[in-house]
Amino acid sequence: MGSSLQLPGAQTRVLDDKQAVARAAVELILQQADAAVATHGRFRILLAGGTTPSAAYRLLASRDARWEAWEVYHGDERCLPPGDVERNSRAAAEAWLDRVPIPPEAIHVIPAEQGAEPAADAYEPIVAAALPFDLVLLGIGEDGHTASLFPGRAVAQGPLVVPVHDAPKPPPDRVSLTPKALGQSARTLILITGAGKRDAVSRWRAGERLPVAEVAAAGNSLVLIDRDALPD
């Protein structure tokens, strides 16, 4: 398909490979952080799970920033014990957050070990107090899901955070921010890498109402995609 791609609701930038996507993401995150801190003294970032964002987190761990001004939130979490290796919060902590001096009280973990409903209820006011985010970071699954919002599933319009049950991939119980929350951001950065994402990207390009497309359409969204993920 060459080096260009048009996706509804988002600008796109095609990069050579996964590491190039991670490097570009880091530069954009740090630029957004500098701008936010200069404007209002804080940088509120919402993190995504998955291997592609984790590559960026590992690079961030070696960079300098005004870490004391960062506030970190999570877009979704799996209902597993806090130390479980499959938790998004643990992955981000090991790759990055535990290696930089962000104050622990500024890292807002979803208490998903409490169960989906209690955790969603607990995280709702935390998200409400944070909005609008300065940067929302998202990935996309091979089925087109983002955060723990899965294609073909209705999402309640009112809440900012919802419980998720019977997820089509394990674990079945999760907590996710809704498009209403994810769409309230000064900047949305969507990272897509690997041949396994081609079908989902093709569906988005064709106008299918995927969760990621709904969030991207809220405004000021940029997709960083590597060549392997480009549809034919």
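Me: How do the residues lining the second largest pocket divide into nonpolar, polar and charged?
Reply: In this predicted model, the second largest pocket holds about 320 Å³ of space. Its lining is made of 18 residues, and Arg153, Val155, Pro179, Arg209 and Glu214 lie nearest the centre. Sorted by type, the lining has 10 nonpolar, three polar and five charged residues.

Me: Which element gives the largest share of the lining of the second largest pocket?
Reply: Two elements give two or more residues to this lining: helix H5 (179-182) and helix H7 (211-216). The largest share is three residues, and the element that supplies them is H7.

Me: What is the volume of the largest pocket, and which residues are closest to its centre?
Reply: The volume of the largest pocket is about 570 Å³. Of the 30 residues in its lining, the closest to the centre are Gly49, Gly50, Thr51, Arg78 and Lys169.

Me: Which element supplies the largest share of the lining of the largest pocket?
Reply: At least two lining residues come from each of H2, E4, H3 and strand E6 (135-138). By type, the lining divides into 10 nonpolar, 12 polar and eight charged residues. The largest share is four residues, and they come from H2.

Me: Which element gives the most to the lining of the largest cavity?
Reply: A search of the whole structure finds one cavity of 30 Å³ or more. The largest cavity has a volume of about 40 Å³, and H2 and H3 are the elements that give two or more residues to its lining. With three residues, the element that gives the most is H3.

Me: How many charged residues are in the lining of the largest cavity?
Reply: The lining consists of Leu47, Ala48, Gly49, Ser54, Tyr57, His74, Asn88, Ala91 and Ala92. Five of these residues are nonpolar and four are polar, and the number of charged ones is none.

Me: Which residues of H3 are buried?
Reply: The buried residues of H3 have a cover that includes E2, helix H2 (51-60), E3 and strand E4 (76-78). The buried residues themselves are Asn88, Ser89, Ala92, Ala93 and Ala95.

Me: Why is the pair of Phe43 and Trp70 edge-to-face?
Reply: The structure holds six aromatic pairs. In the pair of Phe43 and Trp70, the ring centres are 4.7 Å apart and the planes stand at 80°. An angle over 60 degrees counts as edge-to-face, so at 80° the pair is edge-to-face.

Me: How many residues apart are Phe43 and Trp70, the pair that links distant parts of the chain?
Reply: Phe43 belongs to strand E2 (residues 43-47) and Trp70 to strand E3 (residues 70-74).

Me: Are Phe43 and Trp70 buried or exposed?
Reply: A residue counts as buried under 20% relative accessible area. Phe43 has 0% relative accessibility, and Trp70 has a relative accessible area of 1%. Therefore Phe43 is buried, and Trp70 is also buried.

Me: How many residues apart in sequence are the parts that Trp70 and Trp96 tie together?
Reply: The ring centres of Trp70 and Trp96 are 5.8 Å apart, with planes at 80°, so this pair is edge-to-face. Both Trp70 and Trp96 are buried. Trp70 is in strand E3, while Trp96 is in the loop between helix H3 (88-95) and strand E5 (107-108), so the parts tied together are separated in sequence by 26 residues.

Me: Which residues form one aromatic cluster?
Reply: Trp70 pairs with Trp96 at a centre distance of 5.8 Å. The cluster is formed by Phe43, Tyr57, Trp67, Trp70 and Trp96.

Technical notes: Residues are numbered from 1 along each chain as its sequence is written. This is a predicted model: local features need pLDDT of at least 70, side-chain atom pairs count only at pLDDT 80 or more; totals for chains, interfaces and linings use all residues. Side-chain values use heavy atoms; hydrogens and water are left out. Rings of Phe, Tyr and Trp (its six-membered ring) pair if their centres lie within 6.5 Å; planes under 30 degrees apart count as stacked, over 60 as edge-to-face and the rest as tilted. Buried means under 20% relative accessible area, exposed over 50%, partly exposed in between (1.4 Å probe, protein chains only). Contact means heavy atoms within 4.5 Å. On a 1 Å grid over the protein atoms alone, a cavity is a set of points where a 1.4 Å probe fits but cannot get out, and a pocket is an open set with protein on both sides within 12 Å along at least five of seven lines; lining residues have an atom within 4 Å of a point. Grid points are joined across faces, edges and corners, and a volume is the space filled by probe spheres set on the points. Ala, Val, Leu, Ile, Met, Phe, Trp, Tyr, Cys and Pro count as nonpolar, Asp, Glu, Lys and Arg as charged, and the others, Gly among them, as polar.
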